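Me: Could you take a close look at the place where the two chains of this model meet, and then tell me how each chain is built around it? I'd enjoy one connected walk-through.

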Amino acid sequence: MSSDAMAIRNVQVGGQPWVQTLHEWVTTVDHKQLGILYILYALTFLVIGGVEAVIIRIQLMYPHNHFVSPQVFNRMFTMHGTTMIFFVAMPVLFGFANYLVPLMIGARDMAFPRLNAFSFWLTALGGFLLYFSFLGGNGLYGAGNAPDIGWWAYAPLPSRAFSPGFSSDYWTIAVLVSGFGSIGTAINLIATILCLRCPGMRLSRMPLLAWLTLVMSGMVLIAITPLSAAQIMLLVDRYLGGHFFDTQAGGSATLWMHFFWIFGHPEVYILIIPCFAFMSEIVPVFSRKPIFGYPVMVAATVCIAFVSMSVWAHHIFTIGMNSYANSFFAITSMLVGVPTGIKIFNWLGTMWGGKIQFKTPMLFCIAFLFQFLIAGLTGIMLASAPFDWQLGLSYFVVAHFHYVIVGGILFALFAAFYYWYPKITGRMLSERLGKIHFWLFVLGFHMTFDVMHIPGLLGMPRRIYTYEPGRGWDTMNLIVSIGAFIQGIAVLVFVANLVVSYWKGDTAGNDPWDAWTLEWSVSSPPPAYNFASIPTVASRRPLWDLKHPEDPDSRYE
Amino acid sequence: MSATNAITTPALDTPEAWSLPYRGTVGMAALIIAESAIFTIFVVAYLFYLGKSLTGPIPRDVLETPIFYTICLLSSSLTIHFAGKFLALDRRGGFLGLWMLTIVLGALFLYGTGHEWHRLIYEHGLTISTNLFGTTYYSLVGLHAFHVTAGLVMLCIVLTFGLAGRLGRDQCARVGVLSLYWHFVDSVWVVVFTVVYIVRR
């Protein structure tokens with residue numbers, strides 16, 4: 001028996017064999033491990049999508065550049081868009097939601113743990129299929145051929161005649177499959193938030209992150225599904241000889257645009273609402289004040305969700321609609337600015353008079369406030385139909401939505417990484433590297449996307465392969481490209497910080513930020529069962545009540 | 001306050017009364033919302049392309065209203081509802097009888113769809129690639145028939161458990177979730193029936 005005991009001790013000393021670790025991660029149904037898998041998966045694709053962006057920017061650095069061929073350029077912007085939306089932004093946000101929601105509402109896991117694993121692996125399969133097209137896009141003929149139809153895949157480009165081979169099929173099926181994964185996760189999050197809250201956690205006491213995730217999941221149910229339906233139609237067209245988007249048989253290319261943007265616009269809000277959630281958790285903690293206007297924040301979010309369902313056609317002003325449709329979609333699009341403005345003022349109200357701590361997460365949040373405001377203002381400009389006729393499909397639009405996605409979503413995500421990394425790993429991220437990352441990224445971001453508005457105003461169309469010298473675009477494009485490199489370097493600093501701090505970072509302890517929500521009451525990283533005993537809460541800030549029994553929030557709420 | 005491990009899980013001395021909805025029902029309700037959005041897009045496509053086919057056949061000439069099969073499907077909602085009631089009372093015989101009746105009614109409906117498709121294909125030469133009507137009609141009705149098929153498979157699984165004597169009152173909530181899905185499939189048919197057979201042009 002002594003040899004058995006020895007063997008057991010050896011295993012404990014050396015850790016478990018890597019096969020066992022791998023098996024554990026592949027078969028896990030634990031919401032924390034799945035959350036980490038989502039996040040790592042998204043970070044991998046962030047780097048891949050970033051490389052594609054850099055290739056696009058090198059090509060556009062100088063007029064008459066031939067760094068890549070026009071065909072490769074088309075593939076790059078298609079893959080960049082598809083990757084960043086479906087395989088970076090969606091999974092990383094679902095990853096954080098997966099990890100944080102059960103911890104924040106005092107639950108031990110998600111409502112349907114196996115569905116959770118199934119949804120993640122569907123999403124993972126989607127990303128794999130999309131990138132397999134580089135190898136298998138032409139089937140067994142050998143040479144690869146990634147999708148090159150743009151991330152909207154406007155009809156008739158994805159039809160058999162214009163898109164031979166299988167690259168468009170890989171695109172369609174990748175997006176369809178990852179869409180099913182998103183719907184599964186959304187169902188799971190809704191059931192978790194509504195059915196697994198700990199005693200005392202009424203809807204009016206839920207952390208805003210849980211509230212906003214609930215709204216976002218509801219939007220996924222009604223916004224991702226139209227895309228799934230449209231992709232099924234596309235497959236019917238391509239494989240069964242259907243005519244949904246076949247103009248020669250009376251089908252309509254415009255219908256695809258409507259179906260795509262009925263998904264496409266709410267999708268932007270599906271991505272930004274979790275970022276509002278990060279803001280609403282991080283800003284109060286580093287301002288040392290409770291969130292300003294909690295009920296209004298919830299109401300504004302629900303309001304954004306409703307209004308965003310009826311704004312889609314502002315993406316297709318340029319195809320020509322009647323004046324009633326133009327007016328309707330212009331007005332609804334501008335209307336979104338109202339609840340969004342309320343949110344910005346509420347964050348400012350939270351910071352107002354607070355003892356603000358300028359830690360890295362807070363720096364990213366403050367940058368978010370400025371940049372998201374500017375992104376919203378150019379958005380209101382583009383919501384005006386006549387302005388959009390002039391600048392739609394130009395680099396002005398590219399600059400606008402990158403301001404939202406990078407300046408808004410990515411900055412909030414970085415804040416979330418710096419804020420919750422200690423909880424997830426038990427180690428603090430380096431503040432020094434964090435500050436370098438922040439300032440480099442701010443510099444690169446503004447060089448790229450501030451300047452990018454100008455060639456757009458001067459008439460540079462989006463998705464253009466190359467351009468003539470002497471149109472006033474040359475210097476601008478050079479600056480934009482240099483900014484892209486700086487952002488790339490900043491992301492490398494960030495990745496280095498993630499890796500180095502995992503081993504070398506300071507130990508975090510349970511509650512490094514002196515925060516107030518339930519996830520900080522358990523150890524870092526949390527145990528597999530989350531809570532040894534299910535907590536009970538009496539206010540929106542249960543840990544404040546615990547730390548200040550003489551003056552608990554529950555007295556005022 | 002710096003890094004601290006002194007924080008414990010908060011607990012109240014006098015916890016309030018606490019009850020939350022059943023996760024199965026909420027999950028199914030969420031799935032139904034998602035499915036409704038998918039069906040909405042197919043219905044919109046059907047209505048948008050109604051009368052826009054460049055060649056025949058057109059709905060007015062070839063469609064026959066499937067009254068009998070519609071009655072079959074809609075009444076299966078009643079049988080599954082009362083089957084659930086019997087299960088709640090722990091009356092196995094009544095439950096199994098009505099459950100089997102539900103399956104028979106659903107299968108009859110599927111037979112009706114198959115029969116109609118056979119007639120359309122062999123008598124009228126209408127396939128999914130014939131014209132816009134064919135594309136939208138087969139997609140919409142086919143999507144619904146697919147959901148009926150999936151429902152029937154799940155109903156049969158429950159039947160197997162029931163025949164093996166594994167179902168009792170404890171499973172009432174789970175069976176209720178499945179019957180919620182079945183009601184959804186039936187109510188989608190009301191919409192499909194309306195746009196395909198009543199609004200036919």
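Reply: Happy to! In this predicted model, 49 residues of chain A are in contact with 38 residues of chain B. On the chain B side, two helices each supply at least two of the residues that touch chain A: α1, covering 23–48, and α5, covering 132–163. Of these, α1(B) gives the largest share, with 13 residues. Sorted by class, the side of chain B that touches chain A holds 25 nonpolar residues, ten polar ones and three charged ones.

Now let's step back to chain B as a whole. Its secondary structure consists of six helices and zero strands, so the order of elements from the N terminus reads α-α-α-α-α-α. The radius of gyration of chain B is 23 Å, whereas a compact globule of 201 residues would have one near 17 Å. Along the principal axes, the C-alpha atoms of chain B fill a box of roughly 75 × 55 × 25 Å. As for burial, 31% of the 201 residues of chain B count as buried. Turning to contacts within chain B with a separation of 6 or more, 84% are accounted for by residues 24 or more positions apart.

Chain A, the partner, also deserves a look. It has 17 helices and zero strands. Its radius of gyration is 24 Å, which agrees with the value near 24 Å that a compact globule of 557 residues would have. The C-alpha trace of chain A spans about 70 × 65 × 45 Å along its principal axes, and 54% of its 557 residues count as buried. Among contacts in chain A between residues at least 6 apart in sequence, 81% join residues at least 24 apart.

Let's go inside chain A and see how some of its helices pack. Two packed helices are described by the angle between their axes and the distance between the axes. Helix α3 (residues 31–59) and helix α4 (residues 70–104) of chain A have axes 7 Å apart and pack at an angle of about 155°. Because angles over 145 degrees count as roughly antiparallel, α3(A) and α4(A) fall into that class. The crossing in which α3(A) passes α4(A) is left-handed. The residues of this contact comprise 25 nonpolar, eight polar and two charged.

Follow α4(A) onwards and you meet helix α8 (residues 253–287) of chain A, where the two axes come within 10 Å and cross at roughly 40°. That angle makes α4(A) oblique to α8(A). Here too the crossing is described as left-handed, with α4(A) passing α8(A). From α4(A), the contact uses Ile85(A), Ala89(A), Leu93(A), Phe96(A) and Ala97(A), while α8(A) brings Glu267(A), Leu271(A) and Pro274(A). By class, the residues of the contact between α4(A) and α8(A) are seven nonpolar, no polar and one charged.

The C-alpha atom of Leu373(A) is separated by 9.1 Å from that of Val404(A), a residue 31 residues apart from it along the chain.

Methods
Residues are numbered from 1 along each chain as its sequence is written. Chains are lettered from A and ligands numbered from 1 in the order in which they are written. This is a predicted model: local features need pLDDT of at least 70, side-chain atom pairs count only at pLDDT 80 or more; totals for chains, interfaces and linings use all residues. Two residues are in contact if their C-beta atoms, placed from the backbone, lie within 7 Å. Helices (H or I, at least four residues) and strands (E, at least two) are DSSP runs, numbered from the N terminus. Ala, Val, Leu, Ile, Met, Phe, Trp, Tyr, Cys and Pro count as nonpolar, Asp, Glu, Lys and Arg as charged, and the others, Gly among them, as polar. The radius of gyration is taken over C-alpha atoms; the globule rule is 2.2 Å times the number of residues to the power 0.38. A residue is buried if 20 or more other C-beta atoms lie within 10 Å of its own, exposed if 12 or fewer, and partly exposed in between; C-beta atoms are placed from the backbone. Axes are lines fitted to C-alpha atoms, for helices over the stretch in contact, and angles run from 0 to 180 degrees between N-to-C directions. Angles under 35 degrees count as roughly parallel, over 145 as roughly antiparallel, 65 to 115 as roughly perpendicular and the rest as oblique. A crossing is left-handed if the near helix is turned anticlockwise from the far one by less than a right angle, and right-handed if clockwise.
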